[in-house]
Amino acid sequence: MASQASRKKVLLLSLVWLVAPLGGVAYIFLSPLLWPPAEPGNIPSPTLARLLNESIEDAISKMNPRSSPGLILEAAANTRTFLGEVSEVVARCSMGPHEPNQKYNRLQYHLTRVDGVRYKPIYTGIPCRRPPIIFRAVFKDGRVAEAFTDGSERQHSVDDVRGMVREFGKGVTWSDRGYHPQRYFPPRPAPPSRADVEKQWE
């Protein structure tokens with residue numbers, strides 16, 4: 001009788017040891033599907049649109065060789081050309097609220113151009129431990145024409161939200177540098193020829 005109880009105990013422990021890791025793996029893989037990142041609401045926020053445009057103008061004001069050594073004189077004008085190609089930018093967290101490893105959960109900007117091309121998510125480094133402002137910024141003629149949220153920005157003062165979205169302009173405007181570096185930087189000098197390299201060693 002004791003032997004049978006002992007077998008049951010071993011079987012139960014074996015099931016626990018088997019099910020626990022499987023449950024953990026299932027949680028890791030299913031949590032992005034069960035708890036995806038929050039999406040913006042559909043409440044218009046004209047004041048937020050104005051703050052986003054302020055952050056863009058602040059970023060463009062620093063796009064010159066004096067403020068950002070290495071840039072060409074046309075960098076600011078070329079940035080405005082790029083912004084005219086933007087359809088919308090969605091700001092949301094990279095992970096859902098119950099995702100494991102929440103310390104890696106950061107705010108990202110998802111940019112879509114007017115031709116439908118989507119840029120890789122723009123990493124901000126802003127942690128999502130406390131819910132950030134999640135929004136969708138719709139562009140027209142190079143400016144944020146409308147911003148949509150779930151209304152949560154209204155829980156903060158305008159100055160606080162101005163600080164929260166300060167990095168938006170820099171993140172969006174700088175994102176084009178990796179795709180079109182010729183818009184912002186002088187051409188790279190041609191590499192030295194083989195003969196020139198050999199002369200260096202004479």
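This is a predicted model: local features need pLDDT of at least 70, side-chain atom pairs count only at pLDDT 80 or more; totals for chains, interfaces and linings use all residues.

Analyst: The partners are Cys-93 and Cys-128, with their sulfur atoms 2.2 Å apart. The link is left-handed, at -105 degrees about the S-S bond. Cys-93 belongs to strand β2 (residues 86-93), while Cys-128 sits in the loop between β4 (122-127) and β5 (135-140), so the bond ties together parts 35 residues apart in sequence. Both cysteines are buried. As for confidence, β5 has the highest in the protein chain, at 98, whereas helix α1 (residues 2-34) has the lowest, at a mean of 56.

Now the rings. The whole structure has four aromatic pairs. Take Phe-82 and Tyr-119: with ring centres 6.1 Å apart and planes at 15 degrees, the pair counts as stacked. Phe-82 comes from helix α3 (residues 75-83) and Tyr-119 from the loop between β3 (106-113) and β4, so this pair ties together parts 37 residues apart in sequence. Phe-82 is buried at 0% relative accessible area, and Tyr-119 is buried too, at 6%.

Another pair, Tyr-109 with Phe-168, is edge-to-face, at 5.3 Å centre to centre and 80 degrees between the planes. Here strand β3 supplies Tyr-109 and helix α5 (residues 166-174) supplies Phe-168, so parts 59 residues apart in sequence are tied together. Both Tyr-109 and Phe-168 are buried.

How values were computed: Residues are numbered from 1 along each chain as its sequence is written. Side-chain values use heavy atoms; hydrogens and water are left out. A disulfide is a pair of cysteine sulfur atoms within 2.5 Å. Helices (H or I, at least four residues) and strands (E, at least two) are DSSP runs, numbered from the N terminus. Buried means under 20% relative accessible area, exposed over 50%, partly exposed in between (1.4 Å probe, protein chains only). pLDDT is the predictor's confidence in each residue, from 0 to 100. Rings of Phe, Tyr and Trp (its six-membered ring) pair if their centres lie within 6.5 Å; planes under 30 degrees apart count as stacked, over 60 as edge-to-face and the rest as tilted.
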